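Subject: The structure we talked about

Hi,

Here is the structure I promised to pass on. Please open it beside this email, and then read on for what turned up in it.

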Amino acid sequence: MQAICHRCGLPTVEGLCPQCALEKATLVSCPDQVEVVICSVCGSRQVKSRWQLPDSRSVEELAHQAAIDALCLHKELAEPQIELDLRKVGATRYLAKINIEGIFRGQSISEQCEIPVRIKLMACDRCSRMAGKYFQSTVQLRGNAVRSMTEWEIEECKKTAQDMADSGYHGGDHLSFIQEMKVVKGGLDIILGSTQLGRRMARAFVE
């Protein structure tokens, strides 16, 4: 027995006929606006309330990707093809004009939408804390009872400390930074933004 579309009354295989299903379905939905948050100091990008390391992508590329990521496509839209034209419309504003083509229940479809993209510049947590002289730990390096550290030893320790801070930062510890390195009587004080970095550094210098 052939089914009948309960919306228009035409014969159908199951449920709504293809035309009614197409008319009733929301194939593409777009937000009213997308915001791209970038650190004005280091270039990090905030994604879902977390700061990510800066990369080589330009602001335009970030805006382009943010608009694509904001699209919501119907789960039955097959073979979607997305074309995006990004235009700058202000100092920190872009407009993404998007064309989406695909196949929905055997029918070719074409949808258009526009997404305003706003670039928001602000200091990330790391840069804010560095500017505010924030620190969590201090590693104190000294000579021994016989002699103080030499100038060469101090410079080598500075290089090692900076390498460890950079490695921790690129490894995901956003607070892995050196707030200050002070040459003091007998040695060197290294003031750090991360307790975890301080512990690693202290162990490394002991070894």
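One definition to begin with: two strands count as paired if DSSP finds at least two bridges between them. With that in hand, you can find Val 34, which stands opposite Val 117 in β10. Please keep in mind that this is a predicted model.

**The sheet**

Let's start with the wider picture. Six strands make up an open sheet, and their order is β6-β5-β4-β10-β9-β8, with mixed pairing. At the edges stand β6 (50-52) and β8 (77-88); each has a single partner strand, so one side of each is left without a neighbour in the sheet. From one strand to the next, the twist averages 35°.

You can see both senses around β4. Strand β4 (residues 34-39) pairs with strand β10 (residues 107-122) in the parallel sense, over six bridges.

Is β4 enclosed or open to the outside? Five of its six residues are buried, so β4 is largely enclosed by the rest of the structure.

**A residue in the loop**

Ser 44 lies in the loop between β4 and β5 (45-47). Its relative accessible area is 0%, so Ser 44 is buried, the cut-off being under 20%. The side chain of Ser 44 reaches the backbone oxygen of Gln 52 at 3.4 Å. Leaving aside residues up to four places away in sequence, Ser 44 touches several others, including Val 37, Trp 51, Tyr 169 and His 174.

**The cysteines**

How many disulfides are there? The count comes to one: Cys 30 is joined to Cys 113, with 2.3 Å from S to S. The torsion about this S-S bond is about -65°, so the disulfide is left-handed. The pair links distant parts of the chain, with Cys 30 in the loop between β3 (28-29) and β4, and Cys 113 in strand β10, 83 residues apart. Cys 30 is partly exposed at a relative accessible area of 26%, whereas Cys 113 is buried at 16%.

Cys 72 is in no disulfide, and the nearest cysteine sulfur, that of Cys 30, is 9.2 Å away. Cys 72 counts as partly exposed, at 45% relative accessibility. Cys 127 is in no disulfide either; why? A disulfide needs two cysteine sulfur atoms within 2.5 Å, and the nearest cysteine sulfur to that of Cys 127, in Cys 124, is 3.6 Å away. Cys 127 counts as buried, at 10% relative accessibility.

**One more stop**

Finally, have a look at Leu 95 in strand β9 (residues 93-104). Leu 95 and Ala 63 are 32 residues apart in sequence and 9.1 Å apart in space, C-alpha to C-alpha. Among the residues that Leu 95 touches, not counting those up to four places away in sequence, are Leu 86, Val 89, Ile 115 and Pro 116.

Happy exploring!

Methods:
Residues numbered from 1 in each chain as written. Predicted model: local features only at pLDDT ≥ 70, side-chain atom pairs only at ≥ 80, totals over all residues. Heavy atoms only, no water. Helix = DSSP H or I, 4+ residues; strand = E, 2+ residues; numbered from the N terminus. Axes fitted to C-alpha atoms, helices over the stretch in contact; angles between N-to-C directions. Buried < 20%, exposed > 50% of the residue type's maximum accessible area, 1.4 Å probe, protein only. Polar contact = N/O pair within 3.5 Å; in protein donor to acceptor, adjacent residues only side chain to side chain. Contact = heavy atoms within 4.5 Å.
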